[in-house]
Structures are given as structure tokens and as C-alpha cells.
Amino acid sequence: MKLAKPLNKYFDHTLLKPEATRAQIEKLCREALEYDFYAVCVNTCYVADCADMLKDSDVKVAAVVGFPLGACTTATKVFETEEACKDGASEIDMVLNVGLFKDGRYDDIRDDIREVVTAAEQYGAIVKVILETCLLTPAEIEGACRLAKDSGAHFVKTSTGFGSGGAKAEDVALMKQTVGPDMEVKASGGIRNLETVLAMIEAGADRIGASASVAVMEAYEAGEK
């Protein structure tokens with residue numbers, strides 16, 4: 001399988017566990033530097049620490065917003081976005097309000113996403129919308145992708161990793177088909193080995209969110225030798 005870019009540049013090296021310590025975040029950043037991953041993905045309280053540790057590199061900092069439920073107010077998401085961007089985040093992974101979506105409150109969903117996009121873009125940051133695909137039917141996945149695209153988001157993303165299921169190749173393929181070439185797709189949630197990573201990329205993933213990024217790279221490099 002021919003990759004569009006080096007495998008390491010697909011990864012948002014991720015640590016979002018509530019019990020994550022600063023020492024673990026430091027380790028995450030050291031690993032991201034060693035493997036030159038695209039980004040680290042962390043909770044907002046650690047954005048400033050990561051930005052400081054990664055300041056002399058091209059590894060970016062992604063922050064999760066409205067995480068993991070997406071059920072807070074839009075104003076809360078906007079505030080969180082602004083704080084994360086001020087602290088050094090250049091990517092915002094916001095969670096879709098699935099309840100509003102299920103209720104058919106599509107204008108509210110557009111406003112929710114658009115306001116986060118507007119806040120992020122003031123700092124030059126991009127926005128990924130986490131759909132939590134395990135809660136959605138295929139038709140709903142398509143609809144949520146279209147809303148994210150209409151609202152100016154830059155990515156759609158499969159999962160928080162905290163739901164009842166994670167990324168599936170068929171969902172990634174559907175998402176990529178729906179958003180087309182103008183948006184990107186991030187696969188995340190339960191991606192723990194090289195085989196799964198390659199399947200997600202083949203399905204159309206432009207970015208991979210994983211905590212097992214180092215193990216995947218070790219397997220990949222071992223196969224190349």
C-alpha cells in the first residue's frame with residue numbers, strides 16, 4: 001500500500017485519560033518529538049505545557065473541546081476553544097452535540113460548529129468535528145458530515161474513544177465519500193495496531209488519533225527492515 005505521506009505524519013499522538021499526569025504528558029511530547037508525529041492531542045489543561053515542550057519543533061498541539069459528551073453550551077465550547085488557542089493549540093477537536101442532532105435541531109448544530117470555527121480561525125487554528133459514530137446510523141453519519149462541512153469545519157472525526165465503539169473502516173469510507181476532497185477525515189478510537197491504521201488510511205483517513213502510535217511505528221519500521 002502506497003501512503004500519501006510518511007506514516008508518522010498521519011498521527012495525532014493522543015492522551016486524553018482523566019487520570020493522565022504531567023509526567024505522562026511529558027512522555028507523550030518526548031515520543032512525539034522522537035517520531036516527529038503530526039500533533040499531540042490532549043485535554044485543554046495540558047495545552048500550555050505541550051506548547052512549551054514542543055515549541056522548537058513542527059509537532060502541533062490539538063486540544064479537545066466539549067469533551068467527551070459534546071453536550072455543553074456553545075458559549076462554553078467557544079470559551080474553551082479560545083483558551084486552548086491562547087495557550088498554543090493550533091487544532092481543535094470539538095464534539096458534536098449528538099442529542100441536538102438526533103432531535104433534528106440542525107440550525108443549532110450549524111451554529112454550534114460555526115461559532116467554534118470562527119473562534120479557532122481568529123488564532124489560525126483548524127477544527128475537527130467528532131461525530132461519535134457509534135451513536136449514529138450510516139444516514140446520520142452522512143447528515144452530520146454535511147452539517148460539519150456546511151459550518152466551515154476542516155475535518156470530521158469518528159470518535160472520542162470514550163463511547164461504546166471506536167473507528168470503523170466502513171464509517172471512515174462513508175465520511176470521506178460524503179465530505180469529498182475539500183475536507184479531511186480523522187479516524188480515532190480503538191486504533192491499536194498497524195493493520196488497523198493501514199485499513200483506516202486505505203478507507204480514506206487523512207489523520208489517525210491513537211495512543212498506540214509508538215507501537216504502530218515500531219511495527220511499521222520493523223516490517224521495513
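Modeller: Strand 3 and strand 4 (residues 91-95) run parallel and are joined by four bridges. Within this pairing, Val-65 has Met-94 of strand 4 as its bridge partner. Two strands are said to pair if DSSP finds at least two bridges between them. The strands (E, at least two residues) and helices (H or I, at least four residues) are themselves DSSP runs, numbered from the N terminus.

Residues are numbered from 1 along each chain as its sequence is written, and side-chain values use heavy atoms, with hydrogens and water left out. The model is predicted, and for that reason local features need pLDDT of at least 70 and side-chain atom pairs count only at pLDDT 80 or more, whereas totals for chains, interfaces and linings use all residues.

Strand 3 also pairs with strand 2 (residues 39-42), in the parallel sense and again over four bridges. Here Lys-60 of strand 3 is the bridge partner of Ala-39. Strand 3 covers residues 60-65, and because five of its six residues are buried, it is largely enclosed by the rest of the structure. A residue is called buried under 20% relative accessible area, exposed over 50%, and partly exposed in between, using a 1.4 Å probe and protein chains only.

The chain reaches strand 3 from strand 2 by way of helix 2 (residues 47-53), and these three elements make a right-handed β-α-β unit. The crossover is right-handed if, with the strands pointing away from the viewer, the path from the first strand over the helix to the second runs clockwise. A right-handed β-α-β unit is likewise made by strand 3, helix 3 (residues 74-87) and strand 4.

Strand 2 deserves a look of its own. In a regular strand, side chains alternate between the two faces of the sheet. Strand 2 is covered on both faces: Ala-39 and Cys-41 on one side, and Val-40 and Val-42 on the other, are all buried. Strand 2 is joined to strand 1 (residues 11-15) by four bridges, and the two run parallel. Ala-39 of strand 2 is the bridge partner of Asp-12, and Cys-41 that of Thr-14. Strand 1, helix 1 and strand 2 form a further right-handed β-α-β unit.

The loop between helix 1 (22-35) and strand 2 holds Asp-36. Asp-36 counts as partly exposed because its relative accessibility is 29%. Leaving aside residues up to four places away in sequence, Asp-36 touches Asn-8, Lys-9, Asp-58 and Val-59; contact means heavy atoms within 4.5 Å. From C-alpha to C-alpha, Asp-36 and Lys-9 are 7.2 Å apart in space, although 27 residues separate them in sequence.

On a 1 Å grid over the protein atoms alone, a pocket is an open set of points with protein on both sides within 12 Å along at least five of seven lines, and lining residues have an atom within 4 Å of a point. The space in the largest pocket is about 400 Å³; a volume is the space filled by probe spheres set on the points, which are joined across faces, edges and corners.

Key
On a 1 Å grid over the protein atoms alone, a cavity is a set of points where a 1.4 Å probe fits but cannot get out, and a pocket is an open set with protein on both sides within 12 Å along at least five of seven lines; lining residues have an atom within 4 Å of a point.
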